[in-house]
Amino acid sequence: MSVQTLYTAATGMQSLQTKLDVISNNLANVNTTAFKKDRANFEDLFYDNQVLPGQLDGASNPTPTGTAIGLGVRVSSTQTDFQQGAFRETDRSLDWTIRGKGFFQVLDPTGQTYYTRAGNFSINANGEIVTGSAGIGRPLEPSIVIPQDTTAIEVSSDGIVSVQRPGLQTLEEVGQIQLATFINPEGLLKLGDNLYAETNASSAAIQGNPNIDGFGSIEKGFLEASNVEPVQELIDLITTQRSFELNSQTVQAGDQILQLISNLRR
């Protein structure tokens, strides 16, 4: 039985190592714009049912319980918490955040539409509003082009982008931000670069304008901060480390029992 102890404790150590990786990634992204933290979920493995519940005893009566020995644990999934992060004021005209549900839509050079909550945008050489990335500046979808002589950019809560141009007394509307939502955002595929892609699990994107039919509103001059809570992550880190140590001590105990049994033959 002590041999099985080694394998069972090993599954615990392996699962806790995965949880440690998840916590590490959460803490590493504590300052990442609009980052959404993950949580590792666990489930028990098969059981060695030595006596089944309800089995007839010597008096032909069903037993009230059985004998089942668990064979360990594994990570069943990692779930993303899409709870809104805090707002960080920047006063920058191209820093936008979504208050409520929704994702910005951006177009990849491959023609694929991706989704992001990070609203730190820039303007490329063609005047298009693109993601503020030194790698690939993916333009907003639908495209919004800022005229070259623009002196100021304004964004309303319902996503209407307007500009101020010399010689004009009123703002000129140049585009409409369109958001996307999903039936199951936890089913989105994480791509890095603050981007998500739709999958069969997430459902197809449901598109709409901000502030309408449950879509969030747009706030100009703010960025959504990561929703990672460092104190809670540190607590999880400590408990995970202690649990890992307990499993390692179980391995040591099982090894000592095997050594004792081996020495009995001498």
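Leu189 stands opposite Ala197 in E16, a strand that covers residues 195–197 and runs antiparallel to strand E15 (residues 189–192), to which 3 bridges join it. Strands here are DSSP runs of E with at least two residues, helices are runs of H or I with at least four residues, and both are numbered from the N terminus; two strands pair if DSSP finds at least two bridges between them. The hairpin of E15 and E16 has 2 residues between the strands, and Asp193 takes a positive phi near 60° in this hairpin.

This is a predicted model, in which local features need pLDDT of at least 70 and side-chain atom pairs count only at pLDDT 80 or more, while totals for chains, interfaces and linings use all residues. Residues are numbered from 1 along each chain as its sequence is written, and side-chain values use heavy atoms, with hydrogens and water left out.

Leu52 is placed in the loop between strand E2 (47–51) and strand E3 (67–70). With a relative accessibility of 48%, Leu52 counts as partly exposed, the class between buried (under 20% relative accessible area) and exposed (over 50%), computed with a 1.4 Å probe on protein chains only. Leaving aside neighbours within four places in sequence, Leu52 is in contact with Thr63, Thr65 and Gly66, where contact means heavy atoms within 4.5 Å. The C-alpha atoms of Leu52 and Tyr196 are separated by 46 Å, with the two residues 144 apart along the chain.

The largest pocket has a volume of about 230 Å³. Of its 15 lining residues, Asp38, Arg39, Ala40, Glu233 and Asp236 are the closest to its centre. A pocket is an open set of points on a 1 Å grid over the protein atoms alone, where a 1.4 Å probe fits, with protein on both sides within 12 Å along at least five of seven lines, and lining residues have an atom within 4 Å of a point. Helix H1 (2–28), strand E1 (38–44), strand E4 (73–80) and helix H2 (230–263) are the elements that give two or more residues to this lining, and H1 gives the most, with 4 residues.

Technical notes:
Points joined across faces, edges and corners; volume = space filled by probe spheres on them.
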